[in-house]
Amino acid sequence: MADGGEPGTVRPGGRTARVREAVLRAAEDALTELGFSGLDLADVARRADVGKTTVYRRWGTVAGLVADLLADMAEQSVPRTETGSLLGDLTANARLVWRTLTDPRQGPLFTALIAAATGDAKTAAALHRFYDLRVREWAPCVRQAVDRGEVPEGTDAQEVIRAVSAPLYYHLLISGGRLDEALADRAAEAAAVAARAGVFVRGKEGRRGGEQA
């Protein structure tokens, strides 16, 4: 590509932006309906009513297209909510994850992307970047809680945020249990209680390991 970047990493304007939007929405449709194994650049081009050569030239591979789709999803994600308390902020985060995973379109899309990441290294890297961005977006609410004295100094903010969504993804992908608002609220409360107790203080795992040795 002219800019030397990875396929699908350019942030264009005008007509090119409209083409990108159409192709990414078509890719979402295909992933939701067919899964990663059924994703085909020619089919995406047909769905988007865009020339195949345009899609192949811009994204190059299915992995390149998926990487750009995840980048777009990160850009469109709802920003962090600030409620003034750790539990309030974590509850807002948990409910956002819950709404996303139970959305008729977003839920199957995330399931397909996660499944794809287990067998494709580039998709896995793109998915890791997506979640890293979302975790870093919400981490300041934990650092603010440290400043307010709600949780101990040295608390790993990113680990707290990961602990909020982990039970929701477990229910989605592993147990098949019911995903509802009550589950989201419990996940937030559990993470908040653990954070207040110092569970996520950096280095604590190492000290515990030493005590057990």
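How are H2 and H3 oriented to each other? This is a predicted model, in which local features need pLDDT of at least 70, side-chain atom pairs count only at pLDDT 80 or more, and totals for chains, interfaces and linings use all residues. Residues are numbered from 1 along each chain as its sequence is written, and side-chain values use heavy atoms, without hydrogens and water.

The axes (lines fitted to C-alpha atoms over the stretch in contact, with angles from 0 to 180 degrees between N-to-C directions) of H2 and H3 come within 8 Å and cross at roughly 125°. H2 and H3 are therefore oblique to each other; angles under 35 degrees count as roughly parallel, over 145 as roughly antiparallel, 65 to 115 as roughly perpendicular and the rest as oblique. Helices are DSSP runs (H or I, at least four residues) numbered from the N terminus. Contact means heavy atoms within 4.5 Å.

| Helix | Residues | Contact residues |
|---|---|---|
| H2 | 41-48 | Leu41, Ala42, Ala45 |
| H3 | 52-59 | Lys52, Val55, Tyr56 |

Beyond its neighbours within four places in sequence, Leu90 is in contact with residues including Cys141, Val160 and Ala188.

In helix H8 (residues 140-148), Pro140, Cys141, Val142, Ala145 and Val146 are buried (under 20% relative accessible area, 1.4 Å probe, protein chains only). These buried residues pack against H5, helix H7 (121-138) and helix H9 (157-175).

Notes: Helices (H or I, at least four residues) and strands (E, at least two) are DSSP runs, numbered from the N terminus. Buried means under 20% relative accessible area, exposed over 50%, partly exposed in between (1.4 Å probe, protein chains only).
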